[in-house]
Amino acid sequence: MKPTRTRLLLVFTTCWACAAAGAAVAASNAPAGMVVIASGVFRPLFASPTDSREVPVSPFCLDALPVTNGDFLEFVRANPGWQRSRVKRLFTDEWYLKNWAGDVALGTNAPPAAPVTFVSWFAARAYAQWKDKRLPTTAEWELAAAASATGPDGKNDPEFQRQLQAWYSSPSGKLANVGAGRPNYWGAYDLHGLVWEWVSDFNTAMVTGDARADSELDRQLFCGSGAVGARDVTDYTAFMRYGFRSSLKADYCIHNLGLRCAKDL
Amino acid sequence: MDYVFWTFGGHVPGSFIRIRQGDLVEFHLNNHQDNKMPHNIDLHAVTGPGGGATSSFTAPGHTSQFSFTALNAGLYVYHCATAPVGMHVGNGMYGLILVEPPEGLPPVDREYYVMQGDFYTVGKYGDEGLQAFDMNKAIDERPTYVVFNGAVGSLVGDKALTAKVGEKVRLYVGNGGPNLTCSFHVIGEIFDTVYAEAGTQASHNIQTTMIPAGGAAIVEFKVEVPGTYVLVDHSLFRAFNKGALGMLRVDGLPNQLVYSGKEADAVYLGKAAGGTESEKRVAALKAEVAAEIKGNPRIANLTKEIQIEKGKGVYMQTCFVCHQPEGQGVPGQIPPLAKSDFLMANRENTIRGVLEGRNGEVTVNGKKYNAVMAPLNYLTDEQIANVVTYVRNSWGNQGDAVSPQEVRKLRSEVTAPAANPYE
């Protein structure tokens, strides 16, 4: 079951501008370890005239931290079919949990409090289901990750954007433990600056690989939809996230790609 | 300063790829597992969608493969085409691929790979420390650096290109951009042959050739006269203020017939001297006043202060790139001027050095250096007097002032080939 790329979805996903509406919901509504992300609105940058320019996102719960190696070890202990030597090759490539010492042993390259990486989309989804949760959608993840430390929308905060660009620009070395930095406005840690994270609909990002061809497609929509705020064109970190997601296949296991779970409120 | 480049293979530009027209090429693109970004490659030598970009989009820790037949001969740029494309290219993801015609290119004595690129940093030109990419400057097309082969000074000093008198040199010159068009020129040479835009049409006797962003040119010339030839983007502020400067050092015997060096330097009076008796009288009195002022030690001291201030300006435009803002030099490469015994030992030597350039080993404060300094004789007598006065009175040095007259006298004695970029 290779995921297929659906052209129709392009209009929703190429680049988002996001704005959260409403005040932060009290954290007590969330299950342990999760934070509440208040409802918000996405404005896709490239929308055709017939598409809604605003995509509402309902409030939801999101893990405050990325899933760690320690968390994932519990999962594979409880679900031996997801252990490295037993996993079905259809669901992961050969890099699955490559940094672990063994099927149920983390070893020195996978500290228990560091984010789990080298996990496929299938494995990430199975983990979330085991937790009675789910993976966030792209829209949900982008809404949560738009928040800076001080506000729900850091898009026009130059310092926040600068930090993001700096992270995207440098290679990953050894990964730090989760939760080491400062939480964002919603109380979630490490949405930026540690690892990429799987989203449930990663494969709807229609970037074909040749970014210029994509903008060719987009331009028709762009012109059709009239004047769209030019400020969004400079949301380069969003371009990079969409570029990254669109380079993935569901069985890919990557050194700096992990996950966190979401849940309906 | 430090900068995190994005590269093909760890250097800017990426490897020079060399194939023949008609070759069937199997291309593998590996993306290192530590990378954050997916990447791809668009080779302008490829006929097909995206020049390979659509088939080589590769997540970190993966590898892609595609094949193409090289249908057209020429020199082509390759670059990453992943969004945001300008940022991938602006961080250094480009190089050249040469597709030789089936019979190959005619033989030459030397071939060199030179690629220009413009870079955008948050800090100003020369600012120290790790400099981040500045997206706004990139969008506004206001580069902080314009350089050959990824760095200021990548082709100068002991990294200069070299050739011997009588040899035929071929330069493969590319322009990665992302924004600027290059006006490629070699000071003191005329390109015997230019394959403009790296096509098959040969043009002859070209002084400056335009190289568009994402384009290339092949230039060929025979070197007849020894000396240092400076490669520039003849949009000159890029060359002298942003780094687009390289050097070709040609060794061998002089050829007086092709280039004599300076043969005469006589006084040129401009309009006929003289005038009415009254004008002559006024001129004589003015000269007397000037002499009187000059004789006053307090005024002489103030004049020196003015020279130092003006000299600092010259230094920060012309000298600091090599000798560093505080005259500290670069260990092992560029001798220091600060507290330099060599500098202070002989002021005439210093002035000659500026006029003629330097070549060969010198010992400064007990350490040996062997770097090439280009002649700076395009500076005026006053500018040279000021800058030498400045370095002789800065960073712990204490010396007397140098007058423009002294520079003029020495200039008439030296015979360095003109290095005036405004020739």
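How many residues of chain A are in contact with how many residues of chain B? It's 31 residues of chain A and 27 of chain B, where contact means heavy atoms within 4.5 Å.

Quick housekeeping, everyone. This is a predicted model, so local features need pLDDT of at least 70 and side-chain atom pairs count only at pLDDT 80 or more, while totals for chains, interfaces and linings use all residues. Residues are numbered from 1 along each chain as its sequence is written, chains are lettered from A and ligands numbered from 1 in the order in which they are written, and side-chain values use heavy atoms, leaving out hydrogens and water.

Okay, the interface. About 2,500 Å² is buried between chains A and B, with carbon and sulfur atoms giving 64%; that's the accessible area (1.4 Å probe) the two parts lose on being put together, summed over both. On chain A's side, α5 (158-169), α6 (211-224) and α7 (236-246) each supply at least two residues. Helices here are DSSP runs (H or I, at least four residues), numbered from the N terminus. The one that gives the most is α7(A), with six residues.

Now over to chain B, and Asn397(B). You'll find Asn397(B) in the loop between α9 (381-391) and α10 (404-413). Is Asn397(B) buried or exposed? Buried, because its relative accessibility is 5%, and buried means under 20% relative accessible area, exposed over 50%, partly exposed in between (1.4 Å probe, protein chains only). The side chain of Asn397(B) reaches the backbone oxygen of Val391(B) at 2.8 Å. Leaving aside neighbours within four places in sequence, Asn397(B) also has contacts including Leu337(B), Ser340(B), Met344(B) and Arg392(B).

Note on methods
A polar contact is a pair of N or O atoms within 3.5 Å; within protein, one must be able to donate a hydrogen and the other to accept it, and residues adjacent in sequence count only if both atoms are side-chain atoms.
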